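Hi,

Here is the structure I promised to pass on.

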Amino acid sequence: MTQSPGEQQLKTHKHRAGLDSYEHTAVCGRVTTTFICRLAAMTEKQKLSREHEMMKRRNLQSFQEDILLRQREFEQKETEMRSLEKHVNFENENSRKAYYREFKKVVEASDVILEVLDARDPLGCRCPQVEQAVIQSGTNKKIVLVLNKIDLVSKEIVEKWIKYLRNEFPTVAFKASTQQQAKNLKRSNVSVTQATAELLSTSACIGADCLMKLLGNYCRNQDIKTAITVGVVGFPNVGKSSLINSLKRARACHVGATPGVTKCLQEVHLDKHIKLLDCPGIVMATSTSDAVMILRNCVKIEQLVDPLPPVEAILRRCNKAQIMEHYGVPDFQTAAEFLAMLARRQGKLRKGGLPDTDKAAKSVLMDWTGGRITYFTHPPETHTLPTHVSAEIVTEMGKAFNWDELEKGNQEVLSSCPDVQMGFCMESIGMTQGDHQEPHFGLQIEGGSGAEPTAEDKTEFMEDDQDPEFGPMTVEFKSQKVNRLPVSEAAPRTPSLEDIFDVDPLQQGHAMLAANKKRKKKQKRADKIATKLSDTLTSAMDFSFSDP
Ligand SMILES: Nc1nc2c(ncn2[C@@H]2O[C@H](COP(=O)(O)OP(=O)(O)OP(=O)(O)O)[C@@H](O)[C@H]2O)c(=O)[nH]1
């Protein structure tokens with residue numbers, strides 16, 4: 001193809017212009033690089049001459065001062081880091097004051113205070129400071145103890161605890177609903193004492209009627225025509241929000257398996273006569289060790305800086321053979337050794353293949369707080385009033401309630417209902433209780449061997465006096481006779497709706513959601529296949545002949 005002279009001229013001109021601009025850029029680039037190099041050299045020279053000047057002026061004293069200053073800075077940083085670690089460890093510590101203010105507001109505004117206790121360790125999560133604050137704020141404020149999570153212990157233990165606690169305040173046995181839906185939370189009319197194991201293992205609430213009756217009686221006895229305010233207080237994670245949701249039959253408050261879900265006061269109107277106040281879980285400053293607070297689920301496991309001590313505390317309370325069997329690890333001498341083997345078994349490894357003992361420790365702690373390791377305390381044999389409660393206060397507080405009715409509600413059970421819930425052995429289990437009020441600790445691991453405990457299984461602990469918080473302790477491993485599957489047969493991650501009773505009560509809400517999702521998915525798939533099949537059949541049976 002030939003080009004016209006005009007076109008050729010234009011092409012030559014463009015080529016020339018391109019070369020020019022290239023040369024221009026190259027020259028500019030060279031100039032810039034030289035300029036930058038010179039600038040860097042000058043800065044470096046200036047810096048050296050400055051340092052040289054400084055060194056000339058410096059003497060031994062200034063060196064010393066400088067070193068001291070750096071040391072002070074380092075020490076300050078260290079202290080800050082340590083306190084930061086503490087705050088991470090006890091996140092609530094940081095907001096403890098704010099929580100306390102919220103709690104004070106609840107006490108001031110309430111006529112009745114429901115102190116929610118975890119039935120597994122009621123004395124451990126009882127807060128004398130809270131009770132003292134209520135008592136000091138006048139005799140017209142009443143305390144009612146709510147023994148929640150009764151589905152996690154045997155009825156016999158619930159009965160014993162009610163008997164023990166009612167020496168001080170009216171006590172209501174309760175199982176909050178653990179359902180996940182927003183509305184229509186199930187509430188059973190059956191009294192706690194008459195509830196069967198199956199009912200207890202469902203996610204429905206039990207004991208709400210008894211509690212409502214108690215509050216109604218209070219209004220009548222006090223001749224209150226208007227509304228009453230009921231404050232709900234207690235340790236983190238004992239189920240305060242779940243209790244409110246159960247009474248309201250709707251998810252009015254946030255619920256979560258980690259402590260510190262409730263951050264500030266929340267009002268829930270039950271009806272025109274009762275207003276409930278949800279309070280953040282409070283942990284008052286006590287002499288209790290960090291490990292014990294962690295075992296009481298007051299600390300977020302994920303944020304623990306050193307999870308080894310609470311795991312050591314768990315291991316001290318467990319039979320080694322049972323632990324080895326449960327976690328599938330060989331014999332070990334120390335908690336660190338156990339965690340290293342567990343981490344390897346669980347595939348929790350750091351870079352370079354080293355076992356991640358922190359992660360393994362946290363998984364053990366999650367098993368404890370999440371109810372996969374079941375534990376329970378026994379009430380002391382004899383009752384003595386705590387120092388902050390006098391006999392007069394007990395009488396004064398009790399006047400406002402109908403004890404007979406409460407007693408009836410709680411008593412009905414215990415006489416008529418067999419202990420079917422957990423298959424615990426309630427005979428004496430070698431407790432060596434002292435005179436003090438410390439509860440005993442029993443422990444069970446879900447899906448145990450199923451064998452009757454041998455002499456070695458019934459181990460008496462707490463010769464270790466480093467952890468006096470729990471007092472003498474007996475550790476017991478037993479299989480659960482009902483409603484629990486051995487580990488190997490444990491319900492699948494997403495169980496079908498029929499298998500929902502086999503799921504851990506703590507997990508039932510989630511399992512229910514997952515099972516429902518699974519069912520919907522199955523249904524959708526079946527519908528799709530049916531539509532496809534029908535389409536295929538329709539097209540196959542299309543006998544309409546377009547051609548004559
Ligand atoms: N099995 C069982 N689990 C319960 C019961 N009540 C509450 N839970 C569970 O315990 C966990 C804590 O419940 P929450 O109601 O959030 O406890 P909270 O006291 O309000 O907790 P904070 O907001 O941290 O103070 C949740 O996983 C609940 O599902 C109960 O009666 N039985």
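In E3, Val172 is the bridge partner of Val146. Strand E2 (residues 142-148) and E3 pair in the parallel sense, with 3 bridges between them; two strands count as paired if DSSP finds at least two bridges between them. Helices (H or I, at least four residues) and strands (E, at least two) are DSSP runs, numbered from the N terminus.

Before I go further, a word on what you are looking at. This is a predicted model, where local features need pLDDT of at least 70 and side-chain atom pairs count only at pLDDT 80 or more, while totals for chains, interfaces and linings use all residues. Residue numbers start from 1 along each chain, following the sequence as written.

Now the sheet. It is an open one, made of 6 strands in the order E3-E2-E1-E4-E6-E5, and its pairing is mixed. Strand E3 (171-173) and strand E5 (266-269) are at the edges with a single partner strand each, so one side of each has no neighbour in the sheet. On average, neighbouring strands are turned by 25 degrees against each other, direction ignored; the axes behind such angles are lines fitted to C-alpha atoms, for helices over the stretch in contact, and angles run from 0 to 180 degrees between N-to-C directions.

Next, strand E1 (residues 112-118). With E2, E1 pairs in the parallel sense over 7 bridges, and Val116 stands opposite Val146 there. With strand E4 (residues 228-234), E1 also pairs in the parallel sense, over 5 bridges. In E4, Gly234 is opposite Val116, and Gly231 is the bridge partner of Ile113.

How many residues of E1 are buried? The count is 7 of the 7, so E1 is largely enclosed by the rest of the structure. Buried here means 20 or more other C-beta atoms within 10 Å of the residue's own, exposed means 12 or fewer, and partly exposed is in between, with C-beta atoms placed from the backbone. In a regular strand the side chains alternate between the two faces of the sheet. In E1 both faces are covered: Val112, Leu114, Val116 and Asp118 are buried on one side, and Ile113, Glu115 and Leu117 are buried on the other.

E4 has 5 of its 7 residues buried, so E4 too is largely enclosed by the rest of the structure. E4 pairs in the parallel sense with strand E6 (residues 274-278) over 5 bridges, and Lys275 in E6 is the bridge partner of Thr229.

Ser154 sits in the loop between E2 and H5. Ser154 is buried, as 21 other C-beta atoms lie within 10 Å. Ser154 and Phe376 are 222 residues apart in sequence, yet 9.1 Å apart in space, C-alpha to C-alpha. As for helix H5 (residues 155-165), 8 of its 11 residues are buried, so H5 is largely enclosed by the rest of the structure. Those buried residues are Lys155, Ile157, Val158, Glu159, Trp161, Ile162, Tyr164 and Leu165.

Then the helix packing. Helix H10 (residues 308-316) packs against helix H13 (residues 357-369) at an angle of about 55 degrees, with the axes 9 Å apart. That makes H10 oblique to H13; angles under 35 degrees count as roughly parallel, over 145 as roughly antiparallel, 65 to 115 as roughly perpendicular and the rest as oblique. In this pair, Leu308, Pro310, Val311 and Ile314 of H10 meet Ala361, Val364, Leu365 and Trp368 of H13, where residues are in contact if their C-beta atoms, placed from the backbone, lie within 7 Å.

H10 also meets helix H12 (residues 335-346): their axes come within 10 Å and cross at roughly 100 degrees. H10 and H12 are therefore roughly perpendicular to each other. Here Leu308, Val311, Glu312 and Leu315 in H10 meet Ala335, Ala336, Phe338 and Leu339 in H12.

Finally, the overall numbers. The protein chain has 16 helices and 10 strands, and buried residues make up 35% of its 548 residues. Of the contacts between residues at least 6 apart in sequence, 71% join residues at least 24 apart.

Cheers

Key:
Contact = placed C-beta atoms within 7 Å.
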